[in-house]
Amino acid sequence: MALNDWMSSYQDTKLVDLIIPGAHDAGTYLGTELRGPGATSRNSHTQNMSIGGQLACGTRFFDLRLMLTDSGVKAHHTTAGIGAYGDTVNRSILEAAAFCHANPSEVVIVRVTHTKVDTDADEIIKKSSFYGGRNQLSLCTGNIALMTPREIIQSGRTTKAGGGLVCVLDSDSKISKQFITGKQKVKNSSNFDHHGKVDQAQGIHPFHKFKAGVTLTTGLATCGCYKGSHKLSEVIGNALKGGYDHTSHPKNHLWQIYWQKTYVNPFSKTGIQDGTKKNAKPSSSSSKVEWHGGTQSSTNHLLHLTQGHLMGGEDYTLQKENKKKGQAKVLASTWDLRNLRVPNIISYDFVNGETNKKIIDMNKPGVQFFIDGGDNT
């Protein structure tokens, strides 16, 4: 299977029925700039290829975190100003546009996030997405999760505009305060609210975190459970909790698994990349089985779990027991208490063709098994 155009086999499959490899902190790859005292490549860089390289090995969902710097708007992976700066957003979008031109069957989703101030990302994206005589931004309108790759690519297409590049910007952030730095108002939120800047007709789509009871009519929404942890068993448990929650949602958005560890110790000797490769193995005690090791080395196990398989004795509690409220433990394998839906996006550090192929192969017939408990509103 060629990883550069794997979506050619799924042109008429809705995104809600696809499993897509994703890149966490996609813009800060090995060799890009380090910033701040104590920043090292080992604990700051999250990928080993540029956006173009990640696309070529099958990745189709990108977490692009932007920061306004003295040398332009750049991708970043930083905490309190310490970490890594990546490529400018201009270059990242241009690489994605070039890929879409060369591979017209592919949908590339770029989520712009973690921008604390207005970076004019929408205008930069529109100016940087021209390649091959056409603006490669998708001009589709409506709920993108309910569309097929063919519809996303062809919708609104003209000789000069329309393609498979889908750029989604946070547009419904909760803002608790605003404060002044210099002459600029800064929102006290991890995400700048791009409300008023999104316009699907121009290829700038709104991004939403799924909320129960909210009708999704435009842009793209995802759900999932992220809680920073370095412990593999907890990363797996949070992934499965996201799946358990997702089964009660209407089928109108994408479930994302955050398949990465969070390193709270900036001086950890393991490092982000080595941490993905550590040999995965189960350990057992008198009460339960837990998995330890790296995320990439345990990807097979995660995929088996999302399909309902469970190692004997393995126990992931998705709901704490509360006897006063009559609640009991909910386990990943409790088929009578959950409907199986495999994830739509598996996002991880240091993406590579081998891991991506495992994720993409989940799309083969016989793997998908959905029991749709809700409507598509």
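In this predicted model, the pLDDT stays under 50 over residues 174-189, a stretch for which the model has 26 contacts beyond four places in sequence. Over residues 370-377 the pLDDT is likewise below 50, and this stretch has 21 contacts in the model beyond near neighbours in sequence. Where pLDDT is low, the predicted coordinates should not be read in detail. For the protein as a whole, the average pLDDT is 84, and 80% of the residues score at least 70.

In soluble globular proteins, nonpolar side chains tend to be buried together. Here the largest nonpolar core has 50 residues, and those with the most contacts inside it are Phe62, Val108, Val110, Ile125, Leu165 and Trp259. Helix H3, which covers residues 89-102, gives this core its largest share, six residues. Apart from this core lies another, of 24 residues, among them Leu15, Val166, Val168 and Ile345. If residues up to four places away in sequence are not counted, Val108 touches Leu55, Arg60, Phe62, Ala96, Phe99, Cys100, Gly164, Leu165 and Val166.

**Cysteines**

How many disulfides does the count come to? It comes to zero. A disulfide is a covalent bond between the sulfur atoms of two cysteines. For Cys167, the closest cysteine sulfur is that of Cys100, and at 8.8 Å it is too far away for a bond. Cys167 is buried, with a relative accessibility of 0%, and Cys225 is buried as well, with a relative accessible area of 12%.

The buried residues of H8 are Thr299, His301, Leu302, Leu303, Leu305 and Thr306, and they pack against helix H6 (232-246), strand S14 (254-258), S16, S17 and H9. After H8 comes Gly308, which has a positive phi, near 100 degrees.

In helix H9, residues 353-360, the buried residues are Thr355, Asn356, Ile359 and Ile360. Seen down the axis of H9, these buried residues fall within an arc of 135 degrees, so they line one face of the helix. An α-helix has 3.6 residues a turn, so residues three or four places apart point the same way. Among the elements that cover the buried residues of H9 are strand S1 (20-23), H8 and strand S17 (345-348). At the start of H9, a side-chain oxygen of Asn352 comes to within 3.2 Å of the backbone nitrogen of Glu354.

Is each of them buried or exposed? The table gives their relative accessibility.

| Residue | Relative accessibility | State |
|---|---|---|
| Thr295 | 2% | buried |
| Asn279 | 66% | exposed |

Leaving aside neighbours within four places in sequence, Thr295 is in contact with Leu232, Trp259, Gln260, Lys261, Gly275 and Thr276; one of these, Trp259, is also among the residues with the most contacts inside the largest nonpolar core. Asn279, with residues up to four places away again not counted, touches His292, Gly293, Gly294 and Ser297. Of these, Gly293 is 14 residues from Asn279 in sequence, and the two are 5.3 Å apart in space, C-alpha to C-alpha.

Methods:
Residues numbered from 1 in each chain as written. Heavy atoms only, no water. Disulfide = S-S within 2.5 Å. Buried < 20%, exposed > 50% of the residue type's maximum accessible area, 1.4 Å probe, protein only. Core = buried A, V, L, I, M, F, W, Y, C linked by side-chain atoms within 4.5 Å. Helix = DSSP H or I, 4+ residues; strand = E, 2+ residues; numbered from the N terminus. Contact = heavy atoms within 4.5 Å. Arc of directions from axis to C-beta. Polar contact = N/O pair within 3.5 Å; in protein donor to acceptor, adjacent residues only side chain to side chain. pLDDT = per-residue confidence, 0-100.
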